Amino acid sequence: MPRRALLFAAVLLAASAAAVSGFHLGGDESGLVRGVLAALRERAEAEDAARFAVAHYNKNQGAALEFTRVLKSKRQVVTGTLHDLILEAADAGKKSVYRAKVWVKPWEDFKSVVEFRLVGDSESEPEPSVASDVSSGQAIAKLSLEADIVQEEARLHTIENDGLSGDFTSSS
C-alpha cells in the first residue's frame with residue numbers, strides 16, 4: 001500500500017473513531033454545515049441562471065449554444081437576485097466564454113436576462129499558469145482575455161450602485 005494511501009486510511013479511521021465517540025471541533029459544526037449547504041445552493045442557482053441565459057439567447061437569436069459550465073459567478077441581492085456570470089458555452093463544438101446577467105425573483109416565478117454577450121474564445125480563457133510549450137501568441141491571447149475580464153469587473157464595480165436599467169427582456 002503506498003504511503004499516501006496508508007496515511008489517508010489512518011486519518012479516515014481516526015476521524016471515524018472521533019465521530020463515533022462524540023468528539024467535535026469545539027465549535028458549532030452546524031454553522032459549518034449551513035455554510036457548505038448555502039455555497040452548494042448558490043452554485044446550483046448560478047448554474048440554473050446560466051442555463052436559463054443560454055436558452056433565452058438561443059430562443060431569441062435562433063442559435064444553438066450548449067451550456068458547458070459556469071466559470072465565475074457573483075450575486076447581488078436587489079428586489080430578487082442579480083446573477084453576474086462568466087460562463088462557457090459551445091457552438092458547433094467550439095467553446096466560447098460569455099458574460100450573462102440574470103435577474104431572478106423566485107417568489108414571482110420571474111427570470112429575466114439583463115445582459116448576454118460574447119467575451120472571447122474558451123481556448124484563450126485565463127489559466128493559473130502558462131505551460132512552457134505554449135506559443136507566445138497563445139500566451140498573449142490568454143493574458144489579453146484575463147485583462148479584459150479584470151477591466152470589465154472594474155467597470156462593473158464603478159457602476160454597481162447605479163441600479164438596473166428599465167429595458168429588461170422578461171420571460172417566465
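What percentage of the 172 residues of the protein chain count as buried? In this predicted model, the buried share of the protein chain is 28%. The accessible surface of the protein chain amounts to about 11500 Å², and 56% of this area is supplied by carbon and sulfur atoms.

The secondary structure of the protein chain consists of three helices and five strands. Along the sequence, these elements are arranged in the pattern α-α-β-β-β-β-α-β. Among the contacts of the protein chain with a separation of 6 or more, 45% are accounted for by residues 24 or more positions apart.

The aromatic side chains were examined next. A pair of aromatic rings is described by the distance of the centres and the angle of the planes. The count comes to three aromatic pairs. For Trp103 and Phe110, the ring centres lie 5.2 Å apart and the planes stand at 80 degrees, so this pair is edge-to-face; the angle is over 60 degrees, the cut-off for that class. Both partners fall under the 20% limit for burial: Trp103 counts as buried because its relative accessibility is 12%, and Phe110 counts as buried because its relative accessibility is 15%.

Phe110 also has a charged neighbour, as Lys105 lies over the face of the Phe110 ring, at 4.8 Å from the ring centre.

How values were computed:
Residues numbered from 1 in each chain as written. Predicted model: local features only at pLDDT ≥ 70, side-chain atom pairs only at ≥ 80, totals over all residues. Heavy atoms only, no water. Helix = DSSP H or I, 4+ residues; strand = E, 2+ residues; numbered from the N terminus. Buried < 20%, exposed > 50% of the residue type's maximum accessible area, 1.4 Å probe, protein only. Contact = heavy atoms within 4.5 Å. Areas by Shrake-Rupley, 256 points an atom, 1.4 Å probe, with all protein chains shown as cover. Phe/Tyr/Trp six-rings, centres within 6.5 Å; stacked < 30°, edge-to-face > 60°. Lys NZ or Arg CZ within 6 Å of the ring centre and 35° of its normal.
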